[in-house]
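Trainee: Could we go through this structure together? I would like to begin with a single residue and then move on to other topics.

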Amino acid sequence: MKALPKFEDHSRQDTRYTTCYMCACRCGIKVTVEDNKVRYIQGNRNHPVNKGVLCAKGNAGIMKQQSPARLQQPLMRKPGTERGEGEFEPISWHDALNLLTDRLAKIRSTDPKKLAFFTGRDQMQALTGLWATQFGTINWAAHGGFCSVNMASAGLYTMGHAFWEFGDPDWERTKYFMLWGVAEDHASNPIKMGIEQIKRRGAKFVSVNPVRTGYQAVADEWVAIRPGTDGLLALAMIHVLLRNDCIDQAFLVRYTNAPWLVVDTPGQKGHGLILRDKKGKPLCWDQDTNAVTDASQVEIQPALFGEYTAPDGRPVKTVMTLLAERYLNAQYAPENVADRCGVPAEQIERLALEMAHVAFKETIEIECQWTDAYGRTHDRFVGRPVSMHAMRGISAHSNGFQTCRAIHLLQILMGTIDVPGGHLSKPPYPKHIPPGIKPAREMAPNTPLKSPPLGFPTGPEDLVIDKQGNPLRIDKAYSWDAPMANHGLMHMVITNAVKGDPYPIDTLILFMANMSWNSTMNTSQVMDMLREKGEDGEYKIPFLVVSDAFHSETVNFADLVLPDCTYLERHDTISMLDRPISEPHAAADSIRQPILEKDRDVRPWQEVLVDLAGRLKFPAFTGEDGKPRYTSYQDFIVNFQKEPGIGFLAGWRGENGDQDLRGDPNPQQWEAYAKNQCFFVHHLEDSQKYYRYCNQDYLTLARHAGWVGSTDPIVLELYSETQQRFKLAGQGLYDGPCPTREEHKDRLTRYFDPLPIWHPPLEHDRVDADAYPFHAITQRPMFMYHSWDSQNAWLRQICAGNRLYMNRGRAHSMGIEDDAWVWVESHHGRIRAQVKLIEAVEPDTVWTWNAIGKQAGAWGLSADADESRKGFLLNHLISELLPQKGDGLDNVTNSDPVTGQAAWYDLRVKITPAKPGEVGSWPQFDQVKPLPGMAVSPSALRYQTHRAVNLKRSLWDVLMRGKHRR
Amino acid sequence: MRLGLVIDLDTCVGCHACAVACKQWNTSGTTGPLTDIAAYGAEPSGVWFNRIRHYEVGDYPNNKTVNMPMSCMHCEDADCVTVCPTGASYKRKEDGIVLVDQDKCMGCNLCAWACPYGARELDPVDGVMKKCTLCIDRIYDETLEPEDRQPACVITCPAHARFFGDLDDPDSQVSRLTRERAGQTLMPELGYKPTNTYLPPRVTRPVPTDDVRRKSLISSVKEWVNQAIVR
């Protein structure tokens with residue numbers, strides 16, 4: 001080997017660890033820095049999330065740091081200019097925070113609900129939620145209402161954990177993996193790593209998706225389903241499993257509410273509720289004694305199926321009886337759903353039976369002594385190695401909650417939950433069903449809320465409505481419009497506030513959320529709403545505060561801009577109180593630490609929140625001397641305790657830093673994390689790894705760590721009594737609040753059900769399917785998903801102008817050629833876009849990459865950037881309200897009627913060729929003006945941290961061209 | 001020694017991680033910077049050593065999407081080297097890596113015309129040709145940990161679809177994978193003898209259903225009543 005030159009001087013470089021934030025995946029990264037510039041970002045091999053790998057986004061971190069769109073300093077809208085004109089002037093942090101403190105103090109001391117605080121994809125909801133609770137406003141939520149609430153809620157109300165971030169397939173052991181819908185969002189690298197792992201082991205990978213891109217490209221079998229019919233497919237597969245008796249009866253008896261007795265008195269109060277004893281304990285039918293008995297006992301023989309008479313004379317049926325009666329019905333037979341789903345009956349039946357084969361004929365047994373929650377020891381974990389994952393494609397439909405429940409039902413009937421090879425929960429999950437927090441309702445001036453603004457209702461009495469039944473929250477979460485809106489409805493805040501429905505507000509704070517562009521429905525009109533003034537000449541939303549690190553379209557509408565740092569410049573916690581980085585068999589959390597010195601007058605948003613909390617004298621942030629209790633965000637993280645021994649970070653607790661999960665504050669906690677490459681892992685014992693809803697050793701640990709309130713077993717809920725309570729309220733048969741308006745009664749009766757149902761997405765029922773024959777859906781590309789700056793100079797070279805993808809055969813039948821410009825029209829609006837014809841989409845669906853389209857001038861882009869000339873948003877076609885029909889539903893959110901999840905994917909459109917000469921995307925908007933002090937975007941970029949060192953060659957080598965043969 | 005890459009088309013999901021990792025490492029690497037033009041403007045473009053192409057095979061509904069990362073194949077008979085008028089392009093004796101001597105290249109573009117794989121990238125600002133170096137400044141940097149002495153694209157790949165090694169060594173992982181998975185080179189008929197090898201998608205095992213399919217299907221709940229299962 002000939003000596004090579006020293007290519008770079010490592011002595012000038014420094015390597016530090018932190019956590020990536022190019023998306024929501026939270027991978028560990030090792031950053032090499034040279035002269036306060038990033039030389040290289042590499043995945044951390046020791047990290048539990050990414051184990052050394054890193055995606056395209058993570059690898060593009062350098063260009064996030066180089067972005068000309070980085071905000072430089074706090075800004076105020078220039079006096080005398082109108083909102084949205086983009087005229088700003090600098091303001092000092094001192095003045096900005098004084099001004100904001102004065103305004104907020106006034107709101108807090110008079111009418112706290114006049115502050116609405118909504119945050120984007122921030123992953124610091126434990127802090128922002130605490131802040132809102134201490135402020136005393138119920139008008140707080142993060143972006144889950146337009147993202148993940150259907151998945152989180154369906155999971156938490158069914159099995160105590162969820163798809164999304166609360167669980168994972170057992171990649172190591174699963175033999176059959178079914179992926180429902182687009183899932184490139186959560187979580188980026190672990191799913192890619194998992195898919196490779198299962199393919200290497202020869203497991204089968206089936207993908208259910210109208211579009212075959214991304215992960216679906218490598219699936220062994222593609223199910224080209226029509227959008228919004230996944231729930232019907234799942235229920236049809238349940239039908240096949242029942243007909244062939246392929247259900248895990250022992251699992252159902254032991255771990256689910258399948259044997260519980262349900263009162264069967266249709267039309268009467270109490271119908272459909274669980275039969276309970278005087279203490280409220282659910283009852284089952286004991287086949288030994290032929291009598292009802294406490295269903296939580298063990299060593300009894302509960303009837304799984306059967307109809308009985310309760311001691312009070314009421315007829316009762318077991319949950320499993322109701323379930324089987326419903327899904328054995330021919331309406332769920334594969335041949336009867338095939339047309340609707342666009343999936344052949346043969347394929348539906350075969351897939352169900354393939355899963356049954358793997359579950360019951362390829363069962364895994366792991367020898368391991370473990371103790372169940374009742375104290376009985378077992379010598380093995382039995383695993384049914386079928387696993388699933390679902391996310392956006394299910395979540396973003398108005399039937400998403402029920403669909404996700406249907407998928408969970410399918411998993412549970414085969415006994416695949418938290419078993420080897422199945423779907424595993426991730427600490428701090430599973431939790432009891434549902435978690436025991438109720439949403440706050442009462443507010444008083446200068447007083448914290450009694451509970452957090454968001455929680456988990458179990459019946460109509462938990463709704464956040466007034467005595468007349470009207471919504472109390474600005475987004476109408478937990479109202480009859482969306483009773484189980486556990487993540488709020490951020491997508492309704494601007495519309496409702498501008499209408500003053502249910503009331504006007506004073507100040508709206510938005511953090512890291514692009515609510516005037518790609519994160520809102522009905523983009524054009526929402527922009528107008530932000531500019532809308534009342535008769536008094538005042539803006540309908542009087543004061544808009546935006547915190548972001550970049551010059552987004554929404555920053556342009558701010559009255560006050562508070563510039564945030566980038567992820568390489570700040571401290572952060574990825575907390576066990578929020579959405580930690582746990583793996584199925586390890587509880588884990590992590591931090592970010594500054595890698596680079598700031599070169600702008602910007603502050604981390606969490607630092608600003610802690611500062612404001614002290615200034616506003618929130619009790620939890622104020623010392624006995626009346627002065628702010630915490631000197632900084634880091635100080636807050638170390639010393640704040642939610643309950644004794646439990647804080648934001650679970651590692652290195654206790655005075656000496658030697659306690660895991662629970663312990664006194666450790667003043668050296670940040671340093672301990674930094675020393676351990678910025679993450680903490682607590683590995684579970686072998687005996688704690690499975691059946692955790694009924695695993696004594698695990699539940700004891702979970703209780704100690706504050707993840708659950710008791711060590712009682714968590715009973716999986718095939719049958720949701722919460723759903724039935726709302727249904728009864730709709731029928732006027734509930735002992736408690738009932739709606740008075742007909743449309744509410746109808747929605748509760750129709751869309752709530754204790755056993756999963758399928759109904760067409762709401763938009764499909766309110767528009768003419770013949771007039772709008774296509775489904776239109778969006779995805780984010782893997783190289784941009786959750787990456788909040790697709791202005792990234794490297795990533796935008798992969799795609800800067802999105803296309804409307806159409807099935808080639810279908811397009812040709814309409815006379816539409818490849819690359820043609822077309823008009824896309826919905827019930828709500830029209831856009832112009834350029835098509836790309838492909839095979840990989842089912843013929844009734846068109847789709848595009850979301851959020852590639854940008855407003856000219858935003859994000860540091862030039863006026864002629866592809867993002868604004870060629871890129872487009874489907875958002876213009878999607879109304880935040882249901883399609884108008886002149887009925888009581890006209891003013892109701894275009895969302896899942898159960899959870900308020902924004903129904904992005906319900907959209908239906910028609911497509912017509914554009915006329916000759918009609919080219920370029922439409923609509924177009926005024927160019928956003930550059931901000932004061934902002935860097936000019938360079939045309940040529942030549943990033944390097946040191947001069948390149950060329951290889952030295954001899955003249956002979958030059959003449960011979962090395963090893964060249966000819 | 002014949003160093004090269006083996007790329008698994010069975011697991012490549014087309015995520016572009018390898019392409020961006022390459023960009024990131026090499027812009028400060030031995031032939032950096034990898035210039036970007038119109039970085040924030042219309043039709044942005046830049047120097048990339050590795051690009052991901054996406055192909056469709058078959059017609060709906062029997063179509064499949066194939067993701068195809070493509071970089072320099074480090075050919076045994078590299079025409080890009082033959083045509084170079086200045087001797088800037090060369091193939092290293094020690095390991096077969098094809099490189100461009102940045103001091104001798106005059107940016108004439110002949111090599112780009114000669115390469116059928118589109119692996120050559122002209123830097124319009126430097127006026128010289130750049131290309132994949134197999135991360136020569138990583139694989140031979142002994143100050144790096146042994147597991148880090150691999151090309152950036154291989155280290156980063158989330159789907160573990162990329163492997164680096166000596167295809168002359170029959171016991172290497174890359175040779176073994178090529179044998180076991182019937183690895184193929186691209187356009188071998190052109191005769192350049194590319195080193196990089198692609199592993200075709202695996203064939204799925206059939207999952208039997210006969211052993212769970214009931215002859216007489218359950219039609220009523222009654223068929224399940226009175227079964228005894230101890231809780």
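**Backbone, core and contact**

Mentor: Please note that this is a predicted model. A:Lys617 is partly exposed, because 15 other C-beta atoms lie within 10 Å, and a residue counts as buried only at 20 or more and as exposed at 12 or fewer.

Trainee: Where does A:Lys617 lie in chain A?

Mentor: The loop between helix H16 (605–615) and helix H17 (633–639) of chain A holds A:Lys617. Its phi is near 60°, which is a positive value in a residue other than glycine.

Trainee: What about B:His16, buried or exposed?

Mentor: B:His16 counts as buried because it has 29 C-beta neighbours inside 10 Å. B:His16 is not a glycine, yet its phi is positive, at about 75°. The residue is placed in the loop between strand S1 (3–8) and H1 of chain B.

Trainee: Turning to the contact, how many residues does each chain bring?

Mentor: Chain A brings 110 residues and chain B brings 88 residues.

Trainee: Which elements supply the side of chain B that touches chain A?

Mentor: Several elements of chain B supply at least two residues each, among them helix H1 (17–27), strand S5 (64–70) and helix H5 (152–156). H1(B) gives the largest share of that side, eight residues.

Trainee: And how does that side of chain B divide by class?

Mentor: The side of chain B that touches chain A has 22 charged, 29 polar and 37 nonpolar residues.

Trainee: Now the largest nonpolar core: which residues touch the most other members?

Mentor: A:Leu233 and A:Met237 do, in a core of 386 residues. Helix H7 (residues 230–243) of chain A contributes the largest share of this core, ten residues.

Trainee: What does A:Met237 touch, leaving out residues up to four places away in sequence?

Mentor: A:Met237 touches A:Ile348, A:Leu351, A:Ala352 and A:Leu410.

Trainee: One last topic, the peptide bonds. Is the one from A:Ile433 to A:Pro434 cis or trans?

Mentor: That bond is cis, with omega near -15°. A:Pro434 is located in the loop between strand S20 (423–425) and helix H14 (493–499) of chain A.

Trainee: What joins A:Trp922 and A:Pro923?

Mentor: A cis peptide bond joins A:Trp922 and A:Pro923, and omega is about 10°. The loop between strand S32 (908–913) and helix H26 (955–960) of chain A contains A:Pro923. In general, most peptide bonds are trans.

Conventions: Residues numbered from 1 in each chain as written. Chains lettered and ligands numbered in written order. Predicted model: local features only at pLDDT ≥ 70, side-chain atom pairs only at ≥ 80, totals over all residues. Contact = placed C-beta atoms within 7 Å. Helix = DSSP H or I, 4+ residues; strand = E, 2+ residues; numbered from the N terminus. Nonpolar A, V, L, I, M, F, W, Y, C, P; charged D, E, K, R; others polar. Core = buried A, V, L, I, M, F, W, Y, C linked by C-beta atoms within 7 Å.
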